[in-house]
Amino acid sequence: MKISFGNLSSVKCLTLCAISVLMSCNKTDNTHPVTAQNVDPFSNEKVIYSLVDFDSKHQQDWLQSNTANFSLANNKNGKSLAVEFSSNENISSLTIQPETPWDLKSYQDYNLAFDVNNTGDVAVHLYLSLVNPEGELQKRSISLPTHYSGTVYFPLKGVEAETETGLWGDAPPWKTKDDLMVWRSWRAAQVNLETIQSLTFSVIGVLENKKVDIDNIRLRQNPATENDWSVGLIDKFGQNAKLDTDLKIKTEQQLKEAATKELAELAKSTGMPNRSKFGGYTAGPKLEATGYFRTEKVDGKWWMVDPDGYLYFSHGPANVRMANLTTITGIDYKDPAIRVFRDDETTPEDSMGIIKIADSIKQTAFVTSSVRNNMFEWLPSYDDPLADHYSYRRSTHKGPVAHGETYSFYRANLERRYGETEPESYVKQWHQVTLDRMRDWGFTSFGNWVDPAFYEHEDKIPYFANGWIIGNFKTLSGKTNHWGLMPDPYDPVFSERAQATISEIAENVKSSPWCVGIFIDNEKSWGEREGSVEARYGVILDALSQSITDSPAKAAFTKHLRNKYSSIEQINQSWQLDLTNWSELEDGITFTQHSDVLVQDLSKMLEMLGEQYFTVVHNTLEQVLPHHLYMGARMANWGMPDEIIKASLKYSDVLSFNIYEEGVQEDFWKFLEKVDLPVAIGEFHIGTATDSGMFNPGIVHAANQTERATMYKKYMESVLNKSYMVGAHWFQYVDEPISGRSFDGENANIGFVTVADIPYPELTQAVKDVTSTMYQKRYGK
């Protein structure tokens with residue numbers, strides 16, 4: 001039991017007794033029969049609806065694709081669908097769409113399943129999107145190992161499908177040989193799929209063609225709910241309690257022995273040869289040394305140049321910190337004092353470290369989510385020595401808990417691993433071990449979101465500083481706001497907050513030559529690169545719908561439109577409207593249709609929005625951090641409109657993109673050759689949910705740890721052979737909590753080390769293989 005009453009004060013004992021009572025009242029309903037042990041619940045599956053039968057000539061006409069090759073294949077059961085997905089397409093897909101949508105309203109408690117064979121020579125990260133008649137979708141995916149043959153599934157209706165556990169990837173709901181597909185990202189809870197218009201199978205950003213055979217797409221009756229499917233998932237080390245893996249820690253002694261062994265190995269490491277003190281390539285040419293990092297084109301390839309004048313390629317992990325490694329415990333406090341926000345804050349909620357919780361506040365504790373609280377086999381009592389790893393989140397981005405208590409198993413494991421000879425001495429030990437690992441593994445930098453303690457550590461490696469512009473400024477809403485609303489950069493408050501954030505960064509950096517550059521913000525919701533007008537220009541449409549007195553962006557756009565159009569009649573003619581005067585436009589307008597000229601104007605205004613944003617950020621950086629590279633806006637490929645890329649070119653020293661694909665495809669990213677600016681990848685990763693023991697692989701899936709290492713090498717090869725690439729940063733250093741990070745429930749196997757701080761040997765060896773040769777391969781000597 002995770003709650004202990006030993007050695008507690010009487011007040012704390014009463015508090016936790018109350019919590020215990022609440023937990024017993026709020027436990028998940030366990031009245032369903034339990035599946036017999038060792039009997040696969042799908043061994044006698046009940047099919048309730050056949051969605052597609054590839055033996056049917058009529059249903060064969062439902063198949064459509066312009067980006068993948070497909071045909072019908074013969075097997076022992078009849079015909080199956082053979083698909084070859086193309087590496088020449090960023091998204092290669094095949095859609096199955098009947099004349100009449102599938103109506104599933106009369107069915108209850110079912111899962112969608114299909115049989116699939118991987119007929120190619122490499123693993124396949126396969127996506128399946130379900131689309132309803134309104135165009136809304138849910139997307140799931142799975143990695144199919146080479147020569148895979150089996151059944152994959154996911155719950156679509158019923159308690160297993162609809163329970164919000166706060167996890168990005170759910171624990172398998174049944175003990176079965178069938179393989180669970182996981183969410184592409186967060187649960188799309190508001191999408192009604194009682195009617196399905198189409199199914200789309202796809203791959204994204206692959207470096208090689210992928211081949212699969214698909215058959216027997218069906219709905220199956222859910223087996224009986226297993227009474228422990230969401231209970232007791234996490235052990236006292238923050239690991240999967242129900243699955244053993246090669247790296248799983250069973251005892252504190254084992255954890256200490258692993259630390260002692262690694263420390264001895266790191267002490268013998270001499271790092272990589274031919275490296276300057278800043279990680280540059282001393283076997284290459286000696287260029288002008290400016291005392292700071294800069295960029296230069298050498299023999300037709302872009303490079304960074306280190307402060308001593310050596311060629312430099314930035315490669316290392318991002319998010320080397322513990323600020324966002326806590327997980328929601330399901331406990332909250334009635335005292336609202338812990339949830340106060342201030343307008344002058346410069347640190348976002350998910351970047352804050354451990355927040356100490358006063359004993360008086362803990363006395364108001366109660367169970368806010370029994371589903372969350374019941375996940376853990378153990379959580380320390382408030383008087384336990386490991387209780388100092390409790391913290392609090394005043395707000396979350398996703399999940400069933402809006403705010404609440406959190407716990408860091410990673411920090412607790414560091415304390416167990418290294419002990420505590422003085423307050424938080426294990427954190428100082430972690431800093432040194434991390435630096436030693438970086439050099440041993442051959443990394444040349446820390447990417448974005450590194451613990452500022454590394455800025456001033458006496459044993460330095462180059463790093464990138466970062467900041468978020470947050471505050472009480474006006475915002476704009478797109479059709480989809482991935483991480484939040486888009487700031488209105490025309491609002492003077494935005495400039496004030498940019499100044500506050502960047503000034504704080506400057507105070508921390510202290511003009512250090514070890515700071516390569518600065519990242520400001522991340523994956524802003526500019527809009528989609530392709531798709532509907534609303535998807536591409538939603539933030540501009542939102543601005544136009546507002547009054548010029550409420551929206552600074554609307555005021556700027558109105559001024560632009562008055563300069564372009566001499567009369568309201570010209571706007572009416574161009575936009576196909578019937579406005580009576582300028583005041584009507586200034587008060588706010590919406591659109592039922594979008595003329596070609598309107599779309600052109602929306603495009604121009606989006607570029608203006610980007611220009612204003614980059615002007616504010618660049619000019620502020622230039623004022624207070626003039627010697628450091630501005631690394632651009634870290635655009636995701638779902639949010640990098642051409643207009644924003646164009647706007648960023650004049651202001652960014654290095655462009656940055658977060659490319660979560662199997663690699664940097666030749667065709668899709670070829671436009672960067674014409675841009676002729678250095679480019680860095682702000683984030684990428686590859687993970688697996690098989691031998692890692694995790695529930696979610698991350699955004700890019702591998703079949704296992706061995707293939708994860710192979711895919712990393714292929715990714716880096718695709719980066720190093722691009723003339724414009726000057727860096728690539730892996731997200732992130734540590735696996736996310738298997739019970740989900742506090743901010744949004746992400747729980748992926750994307751670290752170089754586990755929650756117990758144990759390095760993944762296959763991946764770290766692959767890193768050494770890459771870093772030991774990357775300069776030679778890229779420079780050519």
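Tutor: Start with one pairing. This is a predicted model. In it, β7 and strand β15 (residues 210–221) pair in the antiparallel sense over eight bridges.

Student: Which residue is the bridge partner of Leu112 in β10?

Tutor: β7 also pairs with strand β10 (residues 149–157). Eight bridges join these two, and they run antiparallel. The partner of Leu112 there is Phe154.

Student: Now the open sheet of six strands: which strands stand at its edges?

Tutor: The order is β2-β5-β14-β8-β9-β12, with antiparallel pairing. An edge strand has a single partner, so one side of it is left without a neighbour in the sheet. The two at the edges are β2 (63–64) and β12 (182–183).

Student: Which residue in β5 stands opposite Gln64?

Tutor: β2 pairs with strand β5, residues 91–96. The sense is antiparallel, over two bridges. Opposite Gln64 stands Thr95.

Student: On to backbone angles. Is Ser511, with its positive phi, buried, partly exposed or exposed?

Tutor: Ser511 has a phi of about 55 degrees, although it is not a glycine. Ser511 sits in the loop between α10 (492–509) and β29 (515–520). Its relative accessible area is 37%.

Student: Is Asp521 buried or exposed?

Tutor: Asp521 also has a positive phi, about 65 degrees, and is not a glycine. Asp521 lies in the loop between β29 and α11 (533–544). Its relative accessible area is 2%. The cut-off for buried is under 20%, so Asp521 is buried.

Student: Which two residues does a cis peptide bond join, with omega of about 20 degrees?

Tutor: Go to the end of β34 (725–731). The loop between β34 and α19 (761–771) holds Gln732. The cis bond, with omega of about 20 degrees, joins Phe731 and Gln732.

Definitions and conventions
Residues are numbered from 1 along each chain as its sequence is written. This is a predicted model: local features need pLDDT of at least 70, side-chain atom pairs count only at pLDDT 80 or more; totals for chains, interfaces and linings use all residues. Side-chain values use heavy atoms; hydrogens and water are left out. Two strands pair if DSSP finds at least two bridges between them. Helices (H or I, at least four residues) and strands (E, at least two) are DSSP runs, numbered from the N terminus. Buried means under 20% relative accessible area, exposed over 50%, partly exposed in between (1.4 Å probe, protein chains only).
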